[in-house]
Amino acid sequence: MRVRAPAPFRGLRAGPQPGMLQSMKITDVLRAEHAVFHNLFDHIEAAVPRLKTLAEVKALAAVVEKVHAPHAHIEDDLFMEPMEHCFDQIGQNETFHAEHRRIEEMLATVLKAKTLKEAKRGLLGAMAAFREHFDKEERIVFPMAERVLKAKTLSQLGEAWLQRRETA
């Protein structure tokens with residue numbers, strides 16, 4: 001049986017429409033990606049205590065590593081770079097890049113772990129580091145970008161994000 005959409009939604013297609021994302025600011029895009037990551041982290045934090053094998057924990061770490069890498073690279077290239085002068089002024093320029101490297105190293109440690117206990121501890125530690133880093137970006141970095149950069153610049157960076165994602 002096919003369920004019919006309510007009248008206001010008939011004719012709309014699921015997913016992004018042509019041109020829909022082109023006007024999104026980079027800060028909105030990154031917040032949306034963070035929301036997806038937070039859901040993934042919730043799942044991992046709930047699942048890890050029940051996992052029985054080292055391979056299961058490493059598989060989750062590999063998934064996180066795979067989805068986080070493009071996010072971090074785009075964030076560094078498109079977003080952090082234009083904001084570096086601001087980070088210099090508040091003494092945080094190297095901190096944000098170092099946090100990305102630290103998280104990558106934590107995930108690599110999980111993938112090299114020899115025991116289930118070590119892997120679980122490392123993966124949960126990485127989830128905590130991710131959440132702390134994302135919180136800092138959401139509370140400090142994104143609002144600062146919206147104050148310092150012009151709306152047009154934020155939208156152009158959002159378009160650049162879309163182009164990179166389409167070619168990735």
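Analyst: Helices H1 and H2 cross in a left-handed sense (a crossing is left-handed if the near helix is turned anticlockwise from the far one by less than a right angle, and right-handed if clockwise). The model is a predicted one, in which local features need pLDDT of at least 70 and side-chain atom pairs count only at pLDDT 80 or more, while totals for chains, interfaces and linings use all residues. Residues are numbered from 1 along each chain as its sequence is written, and side-chain values use heavy atoms, with hydrogens and water left out.

The protein chain has five helices and zero strands (DSSP runs, H or I of at least four residues for helices and E of at least two for strands, numbered from the N terminus). H1 covers residues 26–47, and its 22 residues reach 31 Å from the first C-alpha to the last, close to the 32 Å expected at 1.5 Å a residue (the expected span is 1.5 Å times one less than the number of residues).

Turning back to the pair of H1 and H2, the two helices pack at an angle of about 165°, with their axes 12 Å apart (axes are lines fitted to C-alpha atoms, for helices over the stretch in contact, and angles run from 0 to 180 degrees between N-to-C directions). That angle makes H1 roughly antiparallel to H2 (under 35 degrees counts as roughly parallel, over 145 as roughly antiparallel, 65 to 115 as roughly perpendicular and the rest as oblique). On the H1 side, the residues in contact (heavy atoms within 4.5 Å) are Ile26, Thr27, Leu30, Glu33, His34, Phe37, Leu40, Phe41 and Ile44, and they meet Leu60, Val64, Val67, His68, His71, Glu75 and Phe79 of H2. Sorted by class, this contact holds 10 nonpolar, four polar and two charged residues (Ala, Val, Leu, Ile, Met, Phe, Trp, Tyr, Cys and Pro count as nonpolar, Asp, Glu, Lys and Arg as charged, and the others, Gly among them, as polar).

H1 also packs with H4 (residues 116–148), here at an angle of about 160° and with the axes 11 Å apart, which makes H1 roughly antiparallel to H4. The crossing of H1 past H4 is left-handed. Among the H1 residues that take part are Leu30, Arg31, His34, Phe37, Phe41 and Ile44, while the H4 side includes Leu123, Met127, Phe130, Phe134 and Phe142. The residues of this contact divide into 12 nonpolar, three polar and eight charged.

Glu33, a residue of H1, is buried with a relative accessible area of 12%, and, leaving aside residues up to four places away in sequence, Glu33 touches His71, Trp161 and Arg165.

H2 and H5 pack at an angle of about 155° with their axes 11 Å apart, which makes H2 roughly antiparallel to H5, and their crossing is right-handed.

Key:
Buried means under 20% relative accessible area, exposed over 50%, partly exposed in between (1.4 Å probe, protein chains only).
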